[in-house]
Amino acid sequence: MRTLSILALLLLAGVSTADAQLAARDWTVDGVTRHALVYAPPSASTSPAPVIFAFHGHGGNMRHAAATFVFQRQWPEAITVYMQGLPTPGIYDPEGKSPGWQKTAGDQGDRDL
């Protein structure tokens, strides 16, 4: 039992460390505030780094995508941007109440391109 408790604490410490590396960022694009969680390796300030843009599914969110995909652990040399979608119509959400992404060029006024 004690071993399980110690293992759980170690796993939780790893999760909180990964979360602490993600910085919440906001940008205003065409008058709309866009949100993202960004991981930037320390080396990114002194040398070029690849960039990963991570898109959550319709109805999802940037926090869940970051916790699920954890690209910063898979490729720690890359800058990873977990973006938050905007309300978007979808197959099961024709009114567009849930967050998502435009599907084709010209869709949603090209707000996601």
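## Aromatic pairs

This predicted model holds 3 aromatic pairs. Rings of Phe, Tyr and Trp (its six-membered ring) pair if their centres lie within 6.5 Å; planes under 30 degrees apart count as stacked, over 60 as edge-to-face and the rest as tilted. Phe-69 and Phe-71 make a tilted pair, 5.5 Å centre to centre with 35° between the planes. Phe-71 and Tyr-82 are stacked, at 6.4 Å centre to centre and 10° between the planes. This pair links distant parts of the chain: Phe-71 lies in helix H3 (residues 71-74) and Tyr-82 in strand E4, 11 residues apart. Helices (H or I, at least four residues) and strands (E, at least two) are DSSP runs, numbered from the N terminus.

Phe-69, Phe-71 and Tyr-82 form one aromatic cluster. Tyr-82 is buried, at 0% relative accessibility. Phe-69 is partly exposed at 31% relative accessible area, and Phe-71 is partly exposed at 29%. Buried means under 20% relative accessible area, exposed over 50%, partly exposed in between (1.4 Å probe, protein chains only).

## Confidence

The chain averages a pLDDT (the predictor's confidence in each residue, from 0 to 100) of 87. At least 70 is scored by 82% of the residues. Over residues 3-18, pLDDT stays under 50. For that stretch the model has 4 contacts (heavy atoms within 4.5 Å) beyond four places in sequence.

## Basis

Residues are numbered from 1 along each chain as its sequence is written, and side-chain values use heavy atoms, with hydrogens and water left out. Local features need pLDDT of at least 70, side-chain atom pairs count only at pLDDT 80 or more, and totals for chains, interfaces and linings use all residues.
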